[in-house]
Amino acid sequence: MADILSVLSDPILPHEESLDKKQRVQSSALVTSMLKALHEMFRFQTVEHDTFEQVLPCLMKQLVAVEVGSRKMYQERVEDSVIPTIVQLAVSVGQEELWKPLNHQVLYHTRNKVAIVRFAALRTMEELYTRLQTDFLPMLPESAQYIHELMEDSNQNVERLALRVVKMLETTFEMDLAPLLQPGSEMAHKRGV
């Protein structure tokens, strides 16, 4: 696993900007293969605290690694490998105290200056809530402020996704999120948002 993490922690191969298209595709394919290997490993074993702390920063770097390959390759890699691996890590670790730093890191990336990274972070959040359902509900108060910001994002795709996530959360948890989504709401302050 150490070899996989070393590749994922520094996804830019030396002088990647000078690589031709074929080499960029190979670089992206290598990262994707490593992510899929981690995903499979997480499916069949419980992740311990130490492993989680090693893996999380590497996965978060992949969430923002727009420069590996083309933007299209980034979007495909995120949807097909990065998000599923992050979600499977959360499932495998199964501990709220470890979900908090994971959630915090994903939320942090919703404020990235690059719109496709904000979109990817929001998609990750959507998948975490979809897969973990009520187990992940304690993360909602912290997430609400970020979702509210994304509902007013300058990028239309991010804004539309944020609205879709709100609808999904309201349906999943059978609750009105409006009180949580108000940035100055008393409910948000009580819950630490």
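How many of the eleven residues of α7 are buried? Eight of them are, so this helix is largely enclosed by the rest of the structure; buried here means under 20% relative accessible area, with exposed being over 50% and partly exposed in between (1.4 Å probe, protein chains only). Before going further, note that this is a predicted model, where local features need pLDDT of at least 70, side-chain atom pairs count only at pLDDT 80 or more, and totals for chains, interfaces and linings use all residues. Residues are numbered from 1 along each chain as its sequence is written, and side-chain values use heavy atoms, with hydrogens and water left out.

Let's step back to the whole chain. It has ten helices and zero strands, where helices (H or I, at least four residues) and strands (E, at least two) are DSSP runs numbered from the N terminus. Of the 193 residues, 47% are buried. The accessible surface comes to about 9800 Å², and carbon and sulfur atoms account for 51% of that; the areas come from the Shrake-Rupley method with a 1.4 Å probe, and for residues only the protein chains shown count as cover. If you take contacts (heavy atoms within 4.5 Å) between residues at least 6 apart in sequence, 71% of them join residues at least 24 apart.

Now back to α7. Its buried residues are Leu 140, Pro 141, Ser 143, Ala 144, Tyr 146, Ile 147, His 148 and Leu 150. They pack against α5 (96–109), α6 (115–132), α8 and α9 (178–181).

The pairing with α8 is worth a look. Two packed helices are described by the angle between their axes and the distance between the axes. For α7 (residues 140–150) and α8 (residues 156–173), the axes come within 9 Å and cross at roughly 145°. Those axes are lines fitted to C-alpha atoms, for helices over the stretch in contact, and angles run from 0 to 180 degrees between N-to-C directions. From the α7 side, Leu 140, Ile 147 and Leu 150 meet Val 158, Glu 159, Ala 162, Val 165, Val 166, Leu 169 and Phe 173 of α8. Sorted by type, the residues of this contact are nine nonpolar, no polar and one charged, with Ala, Val, Leu, Ile, Met, Phe, Trp, Tyr, Cys and Pro counted as nonpolar, Asp, Glu, Lys and Arg as charged, and the others, Gly among them, as polar.

Follow α8 to Phe 173. This residue is buried, at 11% relative accessibility. Leaving aside neighbours within four places in sequence, Phe 173 is in contact with Tyr 129, Gln 133, Thr 134, Leu 137 and Leu 140. Gln 133 is 40 residues away from Phe 173 in sequence, yet their C-alpha atoms are 8.0 Å apart. Thr 134 sits in the loop between α6 and α7 and is exposed, at 52% relative accessibility.

Helix α4 (residues 71–93) holds Ser 92, which is buried at 9% relative accessible area. A polar atom of the Ser 92 side chain lies 3.3 Å from the backbone oxygen of Phe 42. Not counting residues up to four places away in sequence, Ser 92 touches Phe 42, Gln 45, Thr 46 and Val 47.

Conventions:
Polar contact = N/O pair within 3.5 Å; in protein donor to acceptor, adjacent residues only side chain to side chain.
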